[in-house]
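Thanks for asking me to look this one over.

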Amino acid sequence: MDALPNGGTPVAEDGGPSIRDMLAVNLRAARAARGLSLSELSRRSGIGKATLSQLEAGTGNPTIETVFSLSRALEVAISDLLDHRPRGGLTVVRGAEVEVLRGEGIDLRPLRRIEAESSVFEVYDQVVRGDAPQRSQGHVGVEHTVVQAGGLRVEVAGRTVDLGPGDYVAFDAREPHSYTALAAPVHSVLLLQYRADERLDGRPHPLTPPPRET
C-alpha cells in the first residue's frame, strides 16, 4: 500500500487522532458488530488478512482504495471508518490541517460528516492529480462532485462525461466508476450521500423515491 504523504507515524496536524488511528478503532468495532472474522473480511474486501491485522493494530498505511474496499465489504459509510469530530456548534475545518487520504489518482481531505434525519452526508476536499485514473468497483451512496478548477472526466458504468469549472455530476456510487484528470490538478468538492441504513443489497437508495401506495 502507499504510505500516507506525511511519512512516518501519521498524526493529524490538529493534534487529534490520525486517519490510521481512527481507522484502527472503527474497523475493529465495525467488524465485531457484524461478527466477521479477519479471514471473512479479507475474502469480502479482497484485502490480505495480514494487511487487515496491521490496520486494526494501527500500524498499517491506509489508502483510498483500502478504505473504499472496507466500506463496501462492511456496508458502512466511509465516515463511519474515519470520523472522530464532535457534532454540533460552530465547526471550522482548516484544509491545511486535515490529513490527506491518498489514492492512485486522488487526494481526499475529509472535512465534515453531517447527519440529517435518515441521511448521512460526507464532505471532502478532492484533488484529482492526473498521474493515474482513480477507479472504484462501487460502494454505498450517491456521489456528488462539483468541479472548481481543471478538467475532469467521469466514467460511470460505461458512460463518460467531461466536466469543467462550475460543472456538477451525481451518480449511484454502487456502479463501477472512475475519475480522470483532463487538465490537472482538478480541484473539486465531493459530497457522499447515504441513507442511514443503506446497503449494497438493493435497499432503498437516496435518489430513488419510495414506491407510491396504491
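1. Let me start with surface patches. A patch is made of residues with over 30% relative accessible area and no salt bridge; like charges are joined within 9 Å, and nonpolar side chains (Val, Leu, Ile, Met, Phe, Trp, Tyr) within 5 Å. Accessible areas come from the Shrake-Rupley method with a 1.4 Å probe, and for residues only the protein chains shown count as cover. A nonpolar patch on the surface consists of V146, Y168 and V189, which together have about 240 Å² of accessible area. V146 sits in strand β5, residues 142–156, and is partly exposed at a relative accessible area of 34%. The exposure words work like this: buried is under 20% relative accessible area, exposed is over 50%, and partly exposed is in between (1.4 Å probe, protein chains only).

2. Please keep the ground rules in mind. This is a predicted model, where local features need pLDDT of at least 70 and side-chain atom pairs count only at pLDDT 80 or more, while totals for chains, interfaces and linings use all residues. Residues are numbered from 1 along each chain as its sequence is written, and side-chain values use heavy atoms, with hydrogens and water left out.

3. Now the overall layout. The protein has 5 helices and 8 strands, in the order α-α-α-α-α-β-β-β-β-β-β-β-β from the N terminus on. These elements are DSSP runs numbered from the N terminus: helices are H or I with at least four residues, strands are E with at least two. Of the 214 residues in the protein, 44% are buried.

4. Next, the largest pocket. It holds about 290 Å³ of space, and 18 residues line it, with E65, F68, Q134, R135 and S136 the closest to its centre. Here a 1 Å grid is laid over the protein atoms alone: a pocket is an open set of points with protein on both sides within 12 Å along at least five of seven lines, a cavity is a set where a 1.4 Å probe fits but cannot get out, and lining residues have an atom within 4 Å of a point. Grid points are joined across faces, edges and corners, and the volume is the space filled by probe spheres set on the points.

5. What supplies the lining of the largest pocket? At least two residues each come from α4 (64–74), β2 (106–116), β4 (134–136) and β8 (177–195). The most come from α4, with 5 residues. By class, the lining has 6 nonpolar, 7 polar and 5 charged residues. For that count, Ala, Val, Leu, Ile, Met, Phe, Trp, Tyr, Cys and Pro are nonpolar, Asp, Glu, Lys and Arg are charged, and the others, Gly among them, are polar.

6. On to the salt bridges, of which the structure holds 11. The term means a side-chain nitrogen of Lys or Arg within 4 Å of a carboxyl oxygen of Asp or Glu. One of them joins D107 and R129 at 2.8 Å, N to O. D107 lies in strand β2 and R129 in the loop between β3 (119–128) and β4, so this pair ties together parts that are 22 residues apart in sequence. D107 is buried at a relative accessible area of 14%, and R129 is also buried, at 17%.

7. A network of salt bridges links R102, D107, R129 and D131. Elsewhere, D162 pairs with R153, the closest N and O atoms being 2.7 Å apart.

8. Finally, some backbone details to look at. The peptide bond between A184 and P185 is cis, with omega about -5°, and P185 lies in strand β8. E75, which is not a glycine, has a positive phi of about 55°; E75 is in the loop between α4 and α5 (78–82). A157 also has a positive phi, near 50°, and is found in the loop between β5 and β6 (159–163). E75 is partly exposed at 24% relative accessibility, and A157 is partly exposed at 48%.
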